[in-house]
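This report describes the sheets, pockets, cavities and ring pairs of one protein model. Please keep the sequence and the structure in view while reading.

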Amino acid sequence: MKFPRVLPVLVVALAAALSGCATIPTTSDTGSGAATEIIPELAPGQQVSIRWESYNLASAGIFGDTTRGLVAEFERLHPNIDVEAVPPQGSSNEIAQSVQRQVIAGSPPDVAQLTFADLRYTASDLGARPLDALVGRDEVQRLLTDGPHPYAPRAAVLGDVDGTTYGIPYVFSTPMLFINADLFRKAGLDPANPPKTWDEVAAAAQAIAKVPGTSGGAYLSCLDAASGGDWCLTGIVRSAGGRLLSEDGKSLTWTDPESVAAFDGMQKIAQAGPNALPNLSGSDAQDAFLRGNLGMLLTSAALQNAILESSAGKWQAAAAPMPGFGSTPSVPTNSGSALFVMTGDPAKQRAAWELIKFLTSAESETTITSNIGYVPLRASLIDDPDYLQAFADEHPGFVRPNVAQLDRLEPWVSYPGPNYQQIRTLLSKATDEIVFRGADPQQTLSAAQTSAQALMPK
């Protein structure tokens, strides 16, 4: 999915629009450091209509069908709340930019599904409401941590900014290395022993690329920031011990030795042999893998069910965790999104919170994982026979390795400030130059970082 630039020239207008939004009275302490009045519950029978903007509705097939089914079930359970579920306005690739335009026009969606790359900007500039203030921090924590199936600890905090929860993590996955077992065998490789390191990926890709009729040895969606793949580029860099953003969020660290080593490792895969790492678009690579013409595909586990369906009776699919560098365990990062309350109307805020609670419940996660393939953020669902145990047992090589990576999960980097999309674009261009055009990693990253650091908040 492509995430275009958010236009910085609109920030002044955006700030003006937000200044007219309803504010929350300040009377009681929620435990989040801010004194606020928690929004009231809806009165019995009180009718409320809300609009939810979801990028999953921009996708045909099971993504959109599953999302519409969840909305229908919510409305059945909450007959007093009407939900208008809509895709992003404009291009289906526009997410934060779509919400931004609506905020400026004075009519933002009441609930928005926005990516974790948009997190800081959503909290600082788009006007997302701090959930700790709306419903109380205790209520937020009950949703995330109480009950028999709490969120995985590393997943529970992904919607937080500086200790305050703005978004409830909704759908995401860890990066999985999907493999075509038939092509592995044709290349003289053992699909039961998939690559565990990037050096092994390079060797396997070189061998598979020599099999007649293949589109290539491997494709790494992490290298395709133009379609949002940079979520797992963060993980590749972290797996080498580097970072893309300093821990205090103020400086870019693309030129640190460990970060440079990660890009050098990706370049070596591309240079392992002809077509070892073909320079394809993300959609072309996905199509090639689904047809059985590509040896390996590192991508979101959300593609799992599509792969199982496309390969059934045609070729054997398998999966493995994301490889690492040498003997150091890999550091997977998350794709995906959180749900944010954007409205200033207290009744709509309460209805929005009810929708968020439903969409992130154990029942909804079971539907989402079994239909689409996203990792269940309530990880213990895979061991409960009332939820996902049967599904996990049916696909042992897919579901459990994905869930296991939640224990090592680190967040997708969210650059601060209104220029965050331009920063991502600069890194994307540098990545392309290094991996596919043989540019010197140190020099290329140095030039890109200099330009990008100038776009960071002062």
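Five strands form an open sheet in the order S2-S1-S3-S11-S6, and the pairing in this sheet is mixed. Strands and helices here are runs assigned by DSSP (at least two residues of type E for a strand, at least four of type H or I for a helix), numbered from the N terminus. Two strands count as paired if DSSP finds at least two bridges between them. The edges are held by strand S2 (81-86) and strand S6 (167-169), each of which pairs on one side only. On average, neighbouring strands of this sheet are turned by 25° against each other, direction ignored. Angles run from 0 to 180 degrees between N-to-C directions, and the axes are lines fitted to C-alpha atoms, for helices over the stretch in contact.

The model is predicted: local features need pLDDT of at least 70 and side-chain atom pairs count only at pLDDT 80 or more, while totals for chains, interfaces and linings use all residues. Residues are numbered from 1 along each chain as its sequence is written, and side-chain values use heavy atoms, with hydrogens and water left out.

Strands of a sheet pair through backbone hydrogen bonds, either parallel or antiparallel. Strand S1 (residues 48-53) and strand S3 (residues 111-115) pair in the parallel sense over 2 bridges. Trp 52 stands opposite Val 111 in S3. Helix H3 (residues 96-104) packs on the sheet and touches S1 and S3, where contact means heavy atoms within 4.5 Å. The direction of H3 makes about 140° with that of S1. Helix H2 (residues 62-77) lies across S1 and S2, and runs at about 170° to S2.

**An aromatic pair**

A search of the whole structure finds 9 aromatic pairs. Rings of Phe, Tyr and Trp (its six-membered ring) pair if their centres lie within 6.5 Å; planes under 30 degrees apart count as stacked, over 60 as edge-to-face and the rest as tilted. The rings of Phe 63 and Tyr 374 have centres 6.0 Å apart and planes at 90°, so this pair is edge-to-face. Phe 63 belongs to helix H2 and Tyr 374 to the loop between helix H15 (362-371) and helix H16 (389-394), so the pair ties together parts that are 311 residues apart in sequence.

**Pocket and cavities**

On a 1 Å grid over the protein atoms alone, a cavity is a set of points where a 1.4 Å probe fits but cannot get out, and a pocket is an open set with protein on both sides within 12 Å along at least five of seven lines; lining residues have an atom within 4 Å of a point. Grid points are joined across faces, edges and corners, and a volume is the space filled by probe spheres set on the points.

The second largest pocket is lined by 23 residues, of which Arg 120, Pro 411, Trp 412, Val 413 and Ser 414 lie nearest its centre. Helix H4 (119-124), strand S4 (160-161) and helix H10 (230-239) each supply at least two residues of that lining.

The search also finds 3 cavities of 30 Å³ or more. The lining of the second largest cavity includes Trp 412 and Val 413, and its largest share, 3 residues, comes from H10.

In the table, Ala, Val, Leu, Ile, Met, Phe, Trp, Tyr, Cys and Pro count as nonpolar, Asp, Glu, Lys and Arg as charged, and the others, Gly among them, as polar.

| Space | Volume | Lining by class |
|---|---|---|
| Second largest pocket | About 630 Å³ | 11 nonpolar, 4 polar, 8 charged residues |
| Largest cavity | About 40 Å³ | 7 nonpolar, 1 polar, 1 charged residues |
| Second largest cavity | About 40 Å³ | 6 nonpolar, 1 polar, 1 charged residues |
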